[in-house]
Amino acid sequence: MKKFLSIALALLMVCVMLPVVALADETTAVAKLTIGETVTYYDTLVEAVAAAINERGAKIDVLKECNGSGVEVKSPDVLDLTIDFHGFTYTMDGTAVGSTGYETQAWHIEKGSKLTLANGKLEASSTLGAWLLFQNYCDLTLDNMELNTQKAKCDYVVSNNFGSLTVKGNSKIIAANGKIAFDIWYGMNEDYDGGITVSFENFTGVVEGDIEYGAHNRVNNAENWQQKATLKIDGGTFNGEIKKGNASNTLALEDANITVTGGTFTNETTKDLVTSYIPEGSNLVVNPATGKVEPKTITIIVPGDTTPAETPKTEDQKNPSTGANDFVGLAAAAAVVALLGSAVVLRKK
């Protein structure tokens, strides 16, 4: 009987402790993964992303400031994932990732995946042994997100080789001094000949660093390869130069597949170049002083000796003796009559 009671007491203690353990995980975890109705807590962001692989409509909520190693998803595995950082920063200070022998990236997400990063910051630390913050082959969206490599001095913040990059809201892509904010690099191999599109949509943020546009030598001389490498910009501030990503590329940058309908470009060379990217008939120009893309100013010059507020009248509108507009006179007389009538009504009351 005593043995039975001891076992029962032990089981009871386990049952009592279970909620405490779950609560402890919840309060100490850095990431919460939600898949359907299932919620799981993880001590690292890397573990949370790994658990979301091949799951549909997954979401990770970052719960606190955190740090760790690189994040990697390789084909045929895929993500369908949104990570909301809730204002927190993920500092990458651990092991870099990438293809075997090329572990040079902090994030490496391959084709077929769909990933949204929102409302926070990815920052490379000075100890990160990577020269790319993000090697992108997927459909990647940055929504009010900052990617920053100033401390690590990575050569690239985001390198785009396939799929898409969509940058929204007050996002920021900040490279180290003299480095590349992002590139569009087409035709790395035949698996990626489908192309790459980079779009800044409803963008109010900042891109700090140069932009590279180019193609691999294997497609360098292919006709119209630039149709598979697209850049669209509708706003924001760009503090860097648009330049070739491949020095041997035969494409003139003026003929790149780039469309600009808004934004401010502070680099003097790029100010001139952006003019060739504005759609014909859009009534937009680059202000040479500010570098801002804005509507053309239309100046109307009225001939004759008139003040700016005066609208010239045709001869049949003017009173022959005074030159005044008869219609204006009639309107004034009607107004006086109306006022007199109002005064009479008031007196009657």
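Asn249 counts as buried because its relative accessibility is 5%, where buried means under 20% relative accessible area, with a 1.4 Å probe and protein chains only. The model is predicted, so that local features need pLDDT of at least 70 and side-chain atom pairs count only at pLDDT 80 or more, while totals for chains, interfaces and linings use all residues. Residues are numbered from 1 along each chain as its sequence is written, and side-chain values use heavy atoms, with hydrogens and water left out.

Asn249 sits in the loop between β20 (242-244) and β21 (258-265), strands being DSSP runs (E, at least two residues) numbered from the N terminus. Apart from neighbours within four places in sequence, Asn249 is in contact with Gly214, Ala215, Asn220, Trp225 and Lys244, contact meaning heavy atoms within 4.5 Å. Asn220 lies 29 residues from Asn249 along the chain, and their C-alpha atoms are separated by 5.8 Å.

Strands β1 (residues 31-35) and β2 (residues 38-42) pair in the antiparallel sense over 5 bridges, pairing requiring at least two DSSP bridges between two strands. Leu33 has Thr40 in β2 as its bridge partner. The two strands form a hairpin with 2 residues between them, and Gly36 in the turn has a positive phi of about 65°.

Note on methods: Helix = DSSP H or I, 4+ residues; strand = E, 2+ residues; numbered from the N terminus. Buried < 20%, exposed > 50% of the residue type's maximum accessible area, 1.4 Å probe, protein only.
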